Amino acid sequence: MSTPRVFNFAAGPAVLPLPVLEEAQRDLVSMPGVGMSILEMSHRGKFFEGVLKQTEADIRKLAGVPDDYKVLFLPGGASLQFSMVPLNFLPRDGSADYIVSGAWSEKAIKEAKKVGGTKTAWTGKEGNFSTVPAQGDLTLDPNAAYLSFTSNETIHGVEFKYVPGTGNVPLVCDTSSDMFSRPVDVAKHSLIYAGAQKNIGPAGIALVIVKDEWLKKRVEDAKLPTMLNYAIHAENTSMYNTPPCFAIYIMGLVMKWLLSIGGLDGIHAINLRKAATLYAEIDRTGYYKGHAAKDCRSLMNVTFRLPSEALEEKFAKEAKAAGLDGLKGHRSVGGMRASIYNAFPEAGVAALVAFMQEFEKKNG
Ligand code: PMP
């Protein structure tokens, strides 16, 4: 008999919707009407072309992507976007603003510094990234090439509940860990990117949504490698080279699943319920302590501590034995991190809450 599935709280790659895995499994060896696996067919063939087109159409429908934005599927994950954004949009003698709200925005600004000037619009480093700034806390350069922020910091578990206003400065968002977890106002952004392996699909691919008008204002750099040029990918509808076909196919199935459960409003309601249940348990007695300030608690990555590191070790070990996997937090925050992405079932949150209550009773 096959191994039963555990509740997978991993930060990414992360849990995928069961109907998606089942459909992929059913069709893996021979795609109905084609007679070969999606892993074996040409990316230039009719079938894959259809997959790509349908996936894009579903993303546009799901997120209400305006017509004057391109939807791109790019290799290299979100980390490559840390470089592609400045390489394409930061004039070498110019400056870009970055909000540094956690480990991932720290990595983003580090890459931008290799390309041009940067200014830190705000940093939460002193408080070990336990909060995000209010609009009024931002120091914005009106001449910045763009402002970059990370809507959800996966490691620290802090999430923006608003889209920063920038005046006329283009806005760039790394939304890797909360993409499609709630409605998104694409029109407020010039470029949005997300690594797929949390809410969208398998690792190694990034979804990029970019405004046409901004694409036209790209920095001219004859030395920019072709594969790092957004315009080339846009002109070739993400098919300049062989795209990550399987990842796009799975992404397409995830989009279909999201649409079937009520789109972004539907999943947002579920996500609010899951997060509220878990944070209520964290706050119930004071035994567990949330890392993030209450007004910016992530709906996706719930970070919390126990009274001692020894108890945290014990908690992670016993939880794993009880079928609650992947709860150990990142070393820079310590403690626990429960990643409860879109596909994470409500039953898993209930199981974790029951486990937390039992653990506190025995070890409190
Ligand atoms: N940004 C955020 C917010 C992330 O959570 C991650 C991955 N955990 C990345 C960027 C990097 O993604 P990738 O590993 O796909 O390069």
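Which residues in H8 meet which residues in H10? In this predicted model, local features need pLDDT of at least 70 and side-chain atom pairs count only at pLDDT 80 or more, while totals for chains, interfaces and linings use all residues. Residues are numbered from 1 along each chain as its sequence is written, and side-chain values use heavy atoms, with hydrogens and water left out.

Ile-270, Arg-273, Lys-274, Thr-277, Leu-278, Glu-281, Ile-282, Arg-284 and Thr-285 in H8 are in contact with Glu-346, Val-349, Leu-352, Val-353, Met-356, Gln-357 and Glu-360 in H10 (contact means heavy atoms within 4.5 Å). Seven of the residues of this contact are nonpolar, three polar and six charged. Helix H8 (residues 263–285) and helix H10 (residues 346–363) have axes that come within 10 Å and cross at roughly 5 degrees; H8 and H10 are therefore roughly parallel to each other (angles under 35 degrees).

Helix H1 (residues 18–27) packs against helix H7 (residues 245–260) at an angle of about 135 degrees, the axes being 9 Å apart. In H1, Pro-19, Val-20, Glu-23, Ala-24 and Asp-27 meet Tyr-249, Ile-250, Leu-253, Val-254, Lys-256 and Trp-257 of H7. The residues of the contact of H1 with H7 comprise eight nonpolar, no polar and three charged.

The residues around the ligand (a heavy atom within 4 Å) include Phe-82, Trp-104, Thr-154, Asp-174 and Gln-197. An N or O atom in the side chain of Thr-154 is 2.4 Å from an oxygen atom of the ligand. A polar side-chain atom of Asp-174 lies 2.6 Å from a ligand nitrogen atom, and one of Gln-197 lies 3.0 Å from a ligand oxygen atom.

Definitions and conventions: Axes fitted to C-alpha atoms, helices over the stretch in contact; angles between N-to-C directions. Helix = DSSP H or I, 4+ residues; strand = E, 2+ residues; numbered from the N terminus. Nonpolar A, V, L, I, M, F, W, Y, C, P; charged D, E, K, R; others polar. Polar contact = N/O pair within 3.5 Å; in protein donor to acceptor, adjacent residues only side chain to side chain. Parallel < 35°, antiparallel > 145°, perpendicular 65-115°, else oblique.
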